[in-house]
Amino acid sequence: MTPNEHDPASPAARPGLFARTWALVRSRRFMVLAAAFVAGIIFWGGFNTALELTNREEFCISCHEMKDNVYAEYRNTIHYQNRTGVRATCPDCHVPKEWGHKMIRKIQASNEVLHKILGSIDTPEKFNAKRHELAQHEWDRMKRTDSRECRNCHHFNSMDYAEQNTRSAAAHQAAFAEGKTCIDCHKGIAHTLPPVEQHIGAPKEHAADPSSPGVVNPNQKPASAPDEAR
C-alpha cells in the first residue's frame with residue numbers, strides 16, 4: 001500500500017532535517033537560550049578583565065599606603081631587580097594563581113579596602129605601628145598554604161643543591177627533611193622585617209630577646225586587631 005503523503009504519521013509527510021533545524025533556530029526558546037549564552041560570554045569576559053586589572057602591580061600600588069611603604073622597600077630587593085631579569089611582582093607573591101584560591105583572596109582583600117577608607121595605615125607612623133601585625137597576617141597565610149606562591153618559582157624538588165653554596169644547600173635539605181616551608185626561614189626578603197627574632201642562621205652575638213620591649217616573638221600571635229593583610 002502506498003503511504004499517504006497527507007497522513008502526518010507518514011514518513012513522507014515529515015519535514016526534512018534541514019527544515020526541522022531551521023524551525024528550531026527560529027523558535028523563541030532557541031532565541032532565549034542563544035541570547036543567554038552570548039550574555040554569559042560577555043559577562044564572563046568583562047568580569048575576568050576587571051579581575052585581571054586588579055591583579056596587576058599598577059593597581060596594587062595605586063594607593064599611597066602601598067607605594068610609599070612596602071613597594072619602596074621591595075624595589076631594593078632581588079625580587080625586583082637581579083642579574084637574570086626575572087621579576088616577582090606584588091600579585092606573584094600575594095595572589096594565588098588557581099581560580100578558587102584567587103577568588104577567596106580577592107574576597108578577603110575587601111577588608112583591606114575598608115581599612116583604606118578608614119585610614120588605618122594612611123601615614124608612615126600608622127603603618128609602622130601595624131607593621132608586625134600586617135606581616136604576621138601574611139606569614140600565617142603563607143604558612144597555611146605551604147608557601148604556595150613562593151613555590152610557583154621555587155620548589156625543593158627543582159633545586160640543584162650542587163649549584164648552591166654550602167650553607168644554603170645544607171639548610172634547604174634540612175628544611176625539606178623537616179617538612180618546613182619557605183616562610184619559616186625567609187621572612188623579610190621583600191619588605192622591611194619588623195623587630196622579631198627569627199632564630200635562624202648563624203648564632204648572633206647580640207640576638208634580639210623576644211621578652212624585651214619592642215621585640216616580638218614570631219611564634220606568638222599579636223594582639224587581636226582588624227584583620228588586614230600586607
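Predicted model: local features only at pLDDT ≥ 70, side-chain atom pairs only at ≥ 80, totals over all residues.
Trainee: How many helices and strands does the chain have?
Mentor: There are 10 helices and 0 strands in the chain. Here helices (H or I, at least four residues) and strands (E, at least two) are DSSP runs, numbered from the N terminus. Reading along the sequence gives α-α-α-α-α-α-α-α-α-α.
Trainee: What share of the residues counts as buried?
Mentor: Of the chain's 230 residues, 28% are buried. Buried means under 20% relative accessible area, exposed means over 50%, and partly exposed is in between (1.4 Å probe, protein chains only).
Trainee: Okay, helices. How do α2 and α6 pack?
Mentor: Helix α2 (residues 28-53) packs against helix α6 (residues 99-118) at an angle of about 65 degrees, and their axes are 12 Å apart. The axes are lines fitted to C-alpha atoms, for helices over the stretch in contact, and angles run from 0 to 180 degrees between N-to-C directions.
Trainee: What do you call that arrangement?
Mentor: That angle makes α2 roughly perpendicular to α6. The cut-offs: under 35 degrees is roughly parallel, over 145 roughly antiparallel, 65 to 115 roughly perpendicular, and the rest oblique.
Trainee: Is the crossing of α2 and α6 left-handed or right-handed?
Mentor: Left-handed. That's the word if the near helix is turned anticlockwise from the far one by less than a right angle; clockwise would be right-handed.
Trainee: Switching to the surface. Which residues form a nonpolar patch?
Mentor: F37, V38, I41 and I42 do, with about 430 Å² of accessible area together. I42 sits in α2 and counts as exposed, at 59% relative accessibility.
Trainee: What gets a residue into a patch?
Mentor: It needs over 30% relative accessible area and no salt bridge; like charges are joined within 9 Å, and nonpolar side chains (Val, Leu, Ile, Met, Phe, Trp, Tyr) within 5 Å. The areas come from the Shrake-Rupley method with a 1.4 Å probe, and for residues only the protein chains shown count as cover.
Trainee: And how many salt bridges does the count come to?
Mentor: The count is 14 salt bridges. Each is a side-chain nitrogen of Lys or Arg within 4 Å of a carboxyl oxygen of Asp or Glu.
Trainee: Which residue does K116 form a salt bridge with?
Mentor: K116 pairs with E65, and their closest N and O atoms are 3.0 Å apart. K116 is in helix α6 and E65 in helix α4 (residues 64-74), so this pair ties together parts that are 51 residues apart in sequence. K116 is partly exposed, with a relative accessible area of 39%, whereas E65 is buried at 4%.
Trainee: Which residues are linked in a network of salt bridges?
Mentor: E138, R141, R148 and E149 are. Within it, R148 and E149 have their closest N and O atoms 2.8 Å apart. R148 counts as buried at 19% relative accessibility, and E149 counts as buried at 4%.
Trainee: What about the backbone around there?
Mentor: Have a look at the loop between α8 and α9 (166-178), where D146 is placed. D146 has a positive phi of about 60 degrees although it is not a glycine. S147, placed in the loop between α8 and α9 too, has a positive phi of about 55 degrees and is not a glycine either.
Trainee: Why point that out?
Mentor: Because most residues other than glycine have a negative phi.
Trainee: Is S147 buried or exposed?
Mentor: S147 is buried, with a relative accessible area of 0%, while D146 is partly exposed at 37%.
Trainee: Last one: how far apart are A135 and L193?
Mentor: They're 58 residues apart in sequence and 8.2 Å apart in space, C-alpha to C-alpha. A135 lies in helix α8 and is buried, with a relative accessible area of 2%.

Terms used. Residues numbered from 1 in each chain as written. Heavy atoms only, no water.
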